[in-house]
Amino acid sequence: MLFAAVVLLALTGARGAGTALIAALVLLAALPRVRVRLALLTALALAVPIALALLGHPAARTGDLHTLRAADLALAQHRDPSRPPAVLTAVAPAAAWDAAGADCSATSALTDRWDAAAARREQDGLATAWRQLLRDHPDRVLDARLCRGRLAWSVWAATGGPHAGTEVPEPAASSHGLLRPLHAAAAWSRTLLRAPQLDWLLWRGALWAYLGLAAALLYAWRHRLPALVPVAGAAVLGTQLALTAAAAGQDYRTMAAALFLGPLLLTLATVRNGRGPAS
């Protein structure tokens, strides 16, 4: 089961692989009796998408690290609006880099403004500029990652920039479902539930991550079951940390694990100790 879960997560891309790896590390630290088996299973599972990528299999998804790095450079350029390096201006005007840095919540703030063909040609130069930024100003890289990873930790959306709000993609225009009345009802319900006052409750996973972990802690304390905490929290914490490292925007689907697991874990808070009164 663990092997299949890690493989499936890793095949979804860089964020999925990061989630799987962090979850496995949490379990390794918390479950010392099965560390060897956990380590072997995790290593084998993570090797599957790597092997598929090397073989060019279509199931292996290439990552979007170059856009993440470029977005880091955009925020750094906004923080220090000196003359940008030539490799940056070859991809987009200096004003575009500054505007994308001001709206740091999504990589699309930059990719919507740049020349995609030029970005592909200058990919190596952008990678070199990013490595120099990481060496000289790691705080700016962390600043950019935390800005894009806000969805993982903050209950409320930011207010600055057009990409700061929680992103809930529209359904495809050609999608009508099997039953048009049900499709129309679902579309109406989606519009209703996108009310800004409900955003923190229905579309942002951070609240449910915190509530779920708190419920797991309470259950573990009541039932003297400390091993439950890392097992229950590994997937949620892994998602949050991986999203912080590789978030591309504020798409609510990237915290889907917390949106599903949080309410399920919350039910643990209602479970009482099974010991009844002595007869």
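Guide: The largest nonpolar core has 20 residues, and those with the most contacts inside it are Leu73, Leu88, Val91, Trp97, Leu110, Trp114 and Leu126. A nonpolar core here is a set of buried Ala, Val, Leu, Ile, Met, Phe, Trp, Tyr and Cys residues joined through side-chain atoms within 4.5 Å. Buried means under 20% relative accessible area, exposed means over 50%, and partly exposed is in between, with a 1.4 Å probe and protein chains only.

The model is a predicted one: local features need pLDDT of at least 70, side-chain atom pairs count only at pLDDT 80 or more, and totals for chains, interfaces and linings use all residues. Residues are numbered from 1 along each chain as its sequence is written, and side-chain values use heavy atoms, leaving out hydrogens and water.

Five helices each supply at least two residues of this core: H4, H5 (86-89), H6 (94-102), H7 (108-111) and H9. Helices are DSSP runs (H or I, at least four residues), as strands are (E, at least two), numbered from the N terminus. The chain has 16 helices and zero strands.

Leaving out residues up to four places away in sequence, Trp114 touches Thr67, Ala70, Val91, Ala92, Ala119 and Leu126; contact means heavy atoms within 4.5 Å. Another core, of eight residues, lies apart from this one and includes Ala209, Ala247, Met255 and Ala258.

Two packed helices are described by the angle between their axes and the distance between the axes. The axes are lines fitted to C-alpha atoms, for helices over the stretch in contact, and the angles run from 0 to 180 degrees between N-to-C directions. H4 (residues 65-79) and H9 (residues 123-136) pack at about 55°, with their axes 9 Å apart. H4 and H9 are therefore oblique to each other. Angles under 35 degrees count as roughly parallel, over 145 as roughly antiparallel, 65 to 115 as roughly perpendicular, and the rest as oblique.

In this contact His66, Arg69, Asp72, Leu73 and Ala76 of H4 meet Gln123, Leu126, Ala127, Ala129, Trp130 and Leu133 of H9. By type, these residues are seven nonpolar, two polar and two charged. Ala, Val, Leu, Ile, Met, Phe, Trp, Tyr, Cys and Pro count as nonpolar, Asp, Glu, Lys and Arg as charged, and the others, Gly among them, as polar.

H4 also meets H6. Their axes come within 7 Å and cross at roughly 95°, and H4 and H6 are therefore roughly perpendicular to each other. On the H4 side the residues are Ala70, Leu73, Ala74, Leu75, Gln77 and His78, and on the H6 side Trp97, Asp98, Ala100, Gly101 and Ala102. Seven of these residues are nonpolar, three polar and one charged.

One more residue of H4 is Leu68. Leu68 is buried, with a relative accessible area of 0%. Not counting residues up to four places away in sequence, Leu68 touches Thr107, Arg145, Arg148, Ala246, Ala247 and Ala248. Leu68 and Ala245 are 177 residues apart in sequence and 9.4 Å apart in space, C-alpha to C-alpha.

As for the chain as a whole, 37% of its 279 residues count as buried. Of contacts between residues at least 6 apart in sequence, 72% join residues at least 24 apart.
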